[in-house]
Amino acid sequence: MSLKIAFQMDPIGPIDINADSTFRIAEEAQARGHELFYYTPDMIAYREGKVTARGWPLKVKRVQGDHFELGTHQEVDLASQDVVWLRQDPPFDMGYITTTHLLDMVHPDTLVVNDPFWVRNHPEKLLVLNFPDLTPPTMIARDLETLKDFRAAHGDVILKPLYGNGGAGVFKLKENDSNLASLHEMFSGINREPLIMQKFLPDVTKGDKRVILVNGEPVGAINRVPAAGETRSNMHVGGKPEKVAMTARDREICAAIGPLLREKGQIFVGIDVIGDWLTEINVTSPTGIQELERFEGINVAEMIWEAIEAKR
């Protein structure tokens with residue numbers, strides 16, 4: 001089976017080919033004989049009933065700094081593709097949301113991964129709200145007094161943007177920290193979005209586990225350990241990936257959320273688990289498959305493509 005595959009992603013030039021999940025997915029697709037096309041999110045358009053993208057035929061190779069070749073720049077009708085990958089990183093802003101609306105117009109005749117309707121309606125920091133028994137105490141609010149009340153009830157907390165990513169703008173606030181009002185003022189000056197506040201989990205010093213699910217089933221995990229002096233474990237900000245085994249609690253969490261992910265067409269998902277608690281369900285642009293392949297020899301990209309090919 002040879003499929004036409006389009007990747008909607010951030011610029012391919014600067015990526016780290018040894019860590020980037022999109023690169024590994026594209027590499028596996030190419031090895032399976034699929035035809036690749038690449039474009040950036042700003043190049044998608046609606047015109048007279050068609051959703052199009054300007055981009056390039058793509059070939060990838062595992063040579064850092066010389067890791068891709070582009071064909072002739074062209075415009076394609078995305079309805080002519082078998083699969084479109086929605087793989088640009090957040091922030092989950094109106095630009096991101098608009099691309100999901102446009103991709104809705106070709107899905108499911110063209111399979112969009114992950115399903116753009118549910119990516120839009122289940123962003124990572126909101127989807128977890130469906131599972132309050134699995135998550136630490138959590139609040140989403142914009143009102144400062146409401147946030148203060150939550151911290152008074154729970155002590156040390158984590159405060160972060162609701163639609164951020166990669167650890168950007170994440171703050172740990174101690175119970176007596178006097179910066180909450182200033183941070184609230186800063187965030188309020190940036191946008192009109194609520195903030196998310198969660199009870200701080202001391203187990204984060206042991207790592208923030210990323211569990212990978214394919215079509216709702218867990219396939220493995222890596223641990224991300226914060227750098228010295230850091231609370232954040234994201235690899236974007238210096239978190240170190242380590243080999244780790246899945247626990248019974250991890251599997252319990254996956255069993256609870258897996259059916260919903262499968263039902264909503266979320267083929268490639270990465271969840272974040274600190275200690276025994278689920279903190280995020282990443283559906284927009286999850287990462288971690290290359291690290292898992294190095295640590296455990298698990299070819300997650302192959303599993304992803306087997307799931308996609310079965311749907312095609």
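**Strands, helix and voids**

A: Strands E13 and E14 pair in the antiparallel sense, and seven bridges join them. Keep in mind that this is a predicted model.

Q: Which residue in E14 is the bridge partner of Leu 213?
A: Pro 218 is the bridge partner of Leu 213.

Q: How many residues sit between the strands in the hairpin of E13 and E14?
A: Two residues lie between the strands of that hairpin, and Asn 215 there takes a positive phi near 55 degrees.

Q: What does E13 do with E16?
A: Strand E13, residues 208–214, pairs with strand E16, residues 268–274, in the antiparallel sense over six bridges. Val 214 stands opposite Phe 268 in E16.

Q: And how many bridges are there between E14 and E15?
A: Four bridges, with E14 and E15 again pairing in the antiparallel sense. Asn 223 has Glu 242 in E15 as its bridge partner.

Q: So what is the strand order in the open sheet?
A: The order is E15-E14-E13-E16-E17, five strands in an open sheet with antiparallel pairing. Strand E15 (240–243) and strand E17 (277–282) each have a single partner strand, so they stand at the edges and one side of each is left without a neighbour in the sheet. From one strand to the next, the twist averages 30 degrees.

Q: What holds paired strands together, in general?
A: Strands of a sheet pair through backbone hydrogen bonds, either parallel or antiparallel.

Q: Is E14 mostly covered or mostly open?
A: Mostly covered: seven of the nine residues in E14 are buried.

Q: Which strands does helix H7 lie across?
A: Helix H7, residues 248–263, lies across E13, strand E14 (217–225), E16 and E17. H7 runs at about 145 degrees to E16.

Q: Switching to voids. How many cavities of 30 Å³ or more turn up?
A: A search of the whole structure finds two.

Q: What lines the largest cavity?
A: Its lining is made up of Pro 90, Phe 92, Pro 123, Glu 124, Lys 125, Leu 162, Tyr 163, Gly 164 and Thr 284. By class, that lining has five nonpolar, two polar and two charged residues.

Q: And what lines the second largest cavity?
A: Trp 85, Leu 86, Arg 87, Val 113, Asn 114, Phe 268, Val 283, Thr 284 and Pro 286. The classes there are six nonpolar, two polar and one charged. Phe 268 in this lining is the residue of E16 that stands opposite Val 214.

Q: One last residue. Where is Val 170 found?
A: Val 170 is in the loop between strand E10 (157–161) and strand E11 (171–173).

Q: How exposed is Val 170?
A: Partly exposed, because its relative accessible area is 23%, while buried means under 20% and exposed over 50%.

Q: What is the C-alpha separation between Val 170 and Ile 196?
A: The two C-alpha atoms are separated by 9.9 Å, and Val 170 and Ile 196 are 26 residues apart along the chain.

Notes:
Residues are numbered from 1 along each chain as its sequence is written. This is a predicted model: local features need pLDDT of at least 70, side-chain atom pairs count only at pLDDT 80 or more; totals for chains, interfaces and linings use all residues. Side-chain values use heavy atoms; hydrogens and water are left out. Two strands pair if DSSP finds at least two bridges between them. Axes are lines fitted to C-alpha atoms, for helices over the stretch in contact, and angles run from 0 to 180 degrees between N-to-C directions. Contact means heavy atoms within 4.5 Å. Buried means under 20% relative accessible area, exposed over 50%, partly exposed in between (1.4 Å probe, protein chains only). On a 1 Å grid over the protein atoms alone, a cavity is a set of points where a 1.4 Å probe fits but cannot get out, and a pocket is an open set with protein on both sides within 12 Å along at least five of seven lines; lining residues have an atom within 4 Å of a point. Grid points are joined across faces, edges and corners, and a volume is the space filled by probe spheres set on the points. Ala, Val, Leu, Ile, Met, Phe, Trp, Tyr, Cys and Pro count as nonpolar, Asp, Glu, Lys and Arg as charged, and the others, Gly among them, as polar.
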